[in-house]
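Reader: I am new to this structure. Could you take me through it step by step?

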Amino acid sequence: MSDAMLETRNPNQDPDDFAVQIADQIESFIVAVNEVAKGDEPASAVPYLLLEVSQLLLAGGRLGAHEDIVPEERYEPDTGPEPDVDDLRLRLARLLDPVDVYSEVFDPYARSAPVACRISDDLADVITDLRHGMAHYRAGRVGEALWWWQFSYLSNWGPTASAALRALQSLVAHVRLDTPLDELDGLDTDSGAAADDSELEREAGAVMAAEIAAPLGLKPTLD
């Protein structure tokens, strides 16, 4: 029987054991992204982020498959001021330039045009959600932490991390398969205007994957 089935069907499962596993995965992700953002090893940034986001979404999948987690208290306790992630966001943006910007459709079941997003924004936003739950966990409010991580996985950090994962995986695929990569630096990520496929195509420039392979630690496929 799979872990997901056990998590949804086993009433005798120790919630503390599940919480420790989820908290460990989340803490590992937070530490790893901050290490990557230091820029000490830019050659491994993209592959490492691809791995870390993939592993985080495994924890998210477990939270999503788990039965609804109900917090012990009716109102969420105050966790204090949220840590500032602007410095992290800027360091990631510099590290990932010129492939930070990508296009995304937020809801695959809704008729909506793709919009411009940034991997750096996505990762910073995900970490903000994860740290909020971690504040509960470190204060001993395990149930509150699990509730928050599950709720925010479904409502925010899950879709956001999934979008970033698709962008990172696409980047690796473009480079490894030696196919052209459209440049999205010209897209306005601060604008609320939707962009259709033809607009994205007009704004895109011709950037070969080989040009970004070396600084980002990716090797094109050899002929």
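The questions and answers below go from the whole chain to single residues.

Author: This is a predicted model, in which local features need pLDDT of at least 70, side-chain atom pairs count only at pLDDT 80 or more, and totals for chains, interfaces and linings use all residues. Residues are numbered from 1 along each chain as its sequence is written, and side-chain values use heavy atoms, with hydrogens and water left out.

Reader: How many helices and strands are in the protein chain?
Author: Helices (H or I, at least four residues) and strands (E, at least two) are DSSP runs, numbered from the N terminus. From that end, the elements run α-α-α-α-β-β-α-α-β-α-β-α. The count is 8 helices and 4 strands.

Reader: What percentage of the 223 residues is buried?
Author: Buried means under 20% relative accessible area, exposed over 50%, and partly exposed in between (1.4 Å probe, protein chains only). Across the 223 residues of the protein chain, the buried part is 39%.

Reader: What share of the contacts with a separation of 6 or more joins residues 24 or more positions apart?
Author: Contact means heavy atoms within 4.5 Å. Take the contacts in the protein chain with a separation of 6 or more; residues 24 or more positions apart account for 76%.

Reader: Are helix 5 and helix 6 roughly parallel or roughly antiparallel?
Author: Helix 5 covers residues 119–138, and its axis lies 9 Å from that of helix 6, at an angle of about 165 degrees. Axes are lines fitted to C-alpha atoms, for helices over the stretch in contact, and angles run from 0 to 180 degrees between N-to-C directions. Angles under 35 degrees count as roughly parallel, over 145 as roughly antiparallel, 65 to 115 as roughly perpendicular and the rest as oblique. Helix 5 and helix 6 are therefore roughly antiparallel.

Reader: Is the crossing of helix 5 and helix 6 left-handed or right-handed?
Author: A crossing is left-handed if the near helix is turned anticlockwise from the far one by less than a right angle, and right-handed if clockwise. For helix 5 and helix 6, the crossing is left-handed.

Reader: How many nonpolar, polar and charged residues does the contact of helix 5 with helix 6 have?
Author: Ala, Val, Leu, Ile, Met, Phe, Trp, Tyr, Cys and Pro count as nonpolar, Asp, Glu, Lys and Arg as charged, and the others, Gly among them, as polar. By these classes, the contact of helix 5 with helix 6 has 14 nonpolar, 6 polar and 3 charged residues.

Reader: Which residues of helix 5 make the contact with helix 4?
Author: The axes of helix 4 and helix 5 come within 8 Å and cross at roughly 150 degrees, so the helices are roughly antiparallel. Helix 4 brings L88, R89, L92, A93 and L96. From helix 5 come I119, S120, D121, L123, A124, D125 and I127.

Reader: Are the rings of Y137 and W149 stacked, edge-to-face or tilted?
Author: Rings of Phe, Tyr and Trp (its six-membered ring) pair if their centres lie within 6.5 Å; planes under 30 degrees apart count as stacked, over 60 as edge-to-face and the rest as tilted. The whole structure has 5 aromatic pairs. The centres of Y137 and W149 are 6.1 Å apart and the planes are at 35 degrees, so this pair is tilted.

Reader: Which residues does W147 contact, leaving aside neighbours within four places in sequence?
Author: W147 sits in helix 6 (residues 142–176). With a relative accessible area of 22%, W147 is partly exposed. Beyond those neighbours, W147 is in contact with I69, P71 and E76.

Reader: Which two residues are joined by a cis peptide bond?
Author: Most residues other than glycine have a negative phi, and most peptide bonds are trans. P98 lies in the loop between helix 4 (86–96) and strand 1 (101–104). With omega about 10 degrees, the cis bond joins D97 and P98.
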